[in-house]
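Please keep the structure in view while reading.

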Amino acid sequence: MADLTAALQFLQRLIQTPSLPGQEEAMAALVLAEMRTLGYDEAWMDEAGNVIGLIRGRGEVPALMFNTHLDHVDPGDPATWPAYGQPYSGAVHEGKVWGRGASDIKGPLAAQVHGVARLLQAGERPPGDVYVSAVVQEEVGGLGARLLAQTLKDTVAYVVIGEPSSNELRRGHRGRTELVVHVVGRAVHASAPERGVNPLFVLANFLQRLPSLEMALHDELGYSSVAPTLIRTDQSSANVIPGEAWLTLDWRNIPGESNEDAQNKVHPLLTDSLIEGAIGEILLAATDRVSFTGYERAMQSDNPAYSLGADHPAVRAAEQVLAEGLGREIPTKLWRFATDGGHFARVGMTVIGFGPGDERVVHTVNEHIDLDEWTEALHANAILAQRWLAFK
Ligand SMILES: [Zn+2]
C-alpha cells in the first residue's frame, strides 16, 4: 500500500499549506510537483495559476476532466478548533484527517490526483484522455474555472467535480446571480424636494412590486427566488436628495434560467415603477478579481445552475460502474450548494459530482475527512477514469 501512504502524506502536506483565494501559489506548486512525480504525461500551470495534469488515453472516447480547486475559506481563530485537529495540522485522529480543506477540497483533490494516477501505476491507459485540474479562487466566484472552461471547451466533454458528496453521485444544483437596479433622478437640496427627482421613490415602488414576480419552477429544485439585499445612493450627505440609487438583487436561478432571463423578467417591474423625470436600467453585477499570477478579469457575479436528469445516460453509466467497482449502491442526489460545475456546464460539458467528505463539516471548525471514505474515493476515481465513458 505504498501508494496509499504517499497519497496520505500528500493530503497532509496540502492541508499544512495555507491557500486562501489569491494566495494559492505554494499549493499550486505542490500539486504540480506531485503530478510530475506520479508520472502524468503532462502537467502545467496556466496563466491564472490553475494546475492541469494530463494522462493520455487510447482515443476511443471523448476527453474527461476531474476538477477541484486550490483555495479554501478562512479558518478563523485556531483556538475555536479542536486541539487534536488544528486548521493547518493535517493531523490523523480517530480514523480521520483534520484541518481546513480536509473535505473542501484538499481531501477530494488528493483523491483525484492519486486515484487517477493508479492507472499509470498499473500500466493501463484510459479509453480517452483524462485531465485532472485544480483551479484558483473557487470560493470567490470561479476566476480559475471560468478561464479553464474557455480553454478546454472544445477539448473536454465530461467533468467530475470533486466537491464533497460522501462518495455519492451528484447531478446538479441551483445557481446564483446578482442583479443591480440602477435609477437616475435629479439631485437637489433636501429643503426643496419638489425641484428634484428622488430615485429612492422609484425603488420604493419597485420593492412593492417585486414579491408579485412570477418565478420559474424546476420539478426537483423548486422555484427560483429573488431577494433585495443592498441599497446605496451617490450621496453621503443626509440633506441632499440623491441623484442616483442602486439596489442589489440576489437571484437564485434554476437550471435553464440564464442571467439575461432574470434581467428581462425584472425589467418591466422597473418600467412600471418609474416616476416622472427618472430613468432606470437593470444591470448584471460584476467584480474584478486578480490571481496570484497577476491574471486579472472582471467577472459577472454569478454561479450558473445546472442539472442532468436522473435517467441521463452519463448519470446512469456512472452509477453502474461505481456500483460494480465499489460493490454497493450509489445514491444520486442534487447538491444544496453551488460549485464550479456550473461554469463547465455553461460551455457545454456534461458534469457530474463525486467526492469524499461530508458537506455538513465544510466551512466549520470541525472540518475533517474520514480515512476509509477517502480511501474508497481513490479507488472510485480510478474506476471513473477507466470505465465511466467506456460503459455501454
Ligand atoms: Zn469546494
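In this predicted model, ten residues of domain 1 are in contact with nine residues of domain 2. On the side of domain 1 that touches domain 2, the residues comprise six nonpolar, four polar and no charged ones. Domain 1 covers residues 2-173 + 305-388, whereas domain 2 covers residues 176-289. Their C-alpha centres are 38 Å apart.

The chain as a whole contains nine helices and 24 strands. Its radius of gyration is 24 Å, close to the 21 Å given by the globule rule for 392 residues, so the chain is as compact as a globular protein of that length. Along the principal axes, the C-alpha atoms fill a box of roughly 80 × 50 × 35 Å. Of the 392 residues, 47% count as buried. Among contacts between residues at least 6 apart in sequence, 78% join residues at least 24 apart.

Helix α7 has 14 residues (residues 313-326), which at 1.5 Å a residue should span 20 Å; the end C-alpha atoms are 20 Å apart, so the two values agree. The buried residues of α7 include A318, E319, V321 and L322. An α-helix has 3.6 residues a turn, so residues three or four places apart point the same way. Among the elements that cover the buried residues of α7 are the following.

| Element | Residues |
|---|---|
| β8 | 169-170 |
| β22 | 332-333 |
| β23 | 350-354 |
| α9 | 371-388 |

After α7 comes G327, which has a positive phi, near 70 degrees.

Conventions. Residues numbered from 1 in each chain as written. Predicted model: local features only at pLDDT ≥ 70, side-chain atom pairs only at ≥ 80, totals over all residues. Helix = DSSP H or I, 4+ residues; strand = E, 2+ residues; numbered from the N terminus. Rg over C-alpha atoms; globule rule 2.2 N^0.38 Å. Buried ≥ 20, exposed ≤ 12 C-beta atoms within 10 Å, placed from the backbone. Contact = placed C-beta atoms within 7 Å. Domains from an automatic or database assignment. Nonpolar A, V, L, I, M, F, W, Y, C, P; charged D, E, K, R; others polar. Expected span 1.5 Å × (residues − 1).
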